[in-house]
Amino acid sequence: MTITGQLQVAIFWVALSFTLIGCTEGLEPAGSGSDEAQIAADNVAMATCPAAISTPEMEQCYGGLVRKAEQRRAKYLALAIERHDYMPSLATQITESDAAFQVYREMECDSVLDSFGGSGTIRGVARQWCVIDLTDARTLTIWDNWLQYADSTPPDLPKPEPHLK
């Protein structure tokens with residue numbers, strides 16, 4: 001591995017360790033609703049996150065955050081489509097733009113995975129980190145474009161905060 005490659009890996013490990021310290025921040029406790037069991041399972045999985053040392057523990061932590069980010073994106077998307085269903089062509093465009101996002105996210109995060117080479121266990125965690133970041137960005141875009149009003153009316157859902165800080 002080149003010096004540049006070694007430096008990139010070292011920087012990633014430092015950033016990852018700082019992120020792992022706070023990876024349970026922002027998780028809500030399980031509440032009522034159809035997602036209660038999933039949220040409770042995620043919270044149990046997240047309980048070991050601050051102590052995540054091994055790659056499997058990190059994958060479990062980030063896997064929980066991937067699920068939470070994706071669930072929130074789906075919730076915001078569904079409300080955006082519902083809010084604009086009076087204009088079927090717009091609702092279709094919102095749906096199609098999200099499908100395009102999902103293709104982009106897979107390609108981008110697969111590239112991140114590939115950038116770590118064909119072996120190495122941390123590359124899966126790097127891919128999960130990419131998925132979380134892009135999913136959070138997409139959710140914010142949905143909120144910005146479709147769930148706010150031009151006047152002082154409060155937004156339909158709160159502004160989404162990133163899962164990774």
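In which handedness of crossing does α3 pass α4? The crossing of α3 with α4 is right-handed, a term used if the near helix is turned clockwise from the far one by less than a right angle.

This is a predicted model, in which local features need pLDDT of at least 70 and side-chain atom pairs count only at pLDDT 80 or more, whereas totals for chains, interfaces and linings use all residues. Residues are numbered from 1 along each chain as its sequence is written, and side-chain values use heavy atoms, with hydrogens and water left out.

The chain has five helices and zero strands, in the order α-α-α-α-α from the N terminus; helices are DSSP runs of H or I with at least four residues, and strands are runs of E with at least two. Of its 165 residues, 36% are buried (under 20% relative accessible area, 1.4 Å probe, protein chains only).

Helices α3 and α4 pack at an angle of about 160°, with axes 9 Å apart; the axes are lines fitted to C-alpha atoms over the stretch in contact, and angles run from 0 to 180 degrees between N-to-C directions. The pair is therefore roughly antiparallel (over 145 degrees). The residues that meet (heavy atoms within 4.5 Å) are listed below.

| Helix | Span | Residues in the contact |
|---|---|---|
| α3 | residues 55-83 | E70, R73, L77, A80, I81 |
| α4 | residues 88-115 | A91, I94, T95, D98, F101, Q102, R105 |

By class, this contact holds six nonpolar, two polar and four charged residues; Ala, Val, Leu, Ile, Met, Phe, Trp, Tyr, Cys and Pro count as nonpolar, Asp, Glu, Lys and Arg as charged, and the others, Gly among them, as polar.

Methods: Parallel < 35°, antiparallel > 145°, perpendicular 65-115°, else oblique. Buried < 20%, exposed > 50% of the residue type's maximum accessible area, 1.4 Å probe, protein only.
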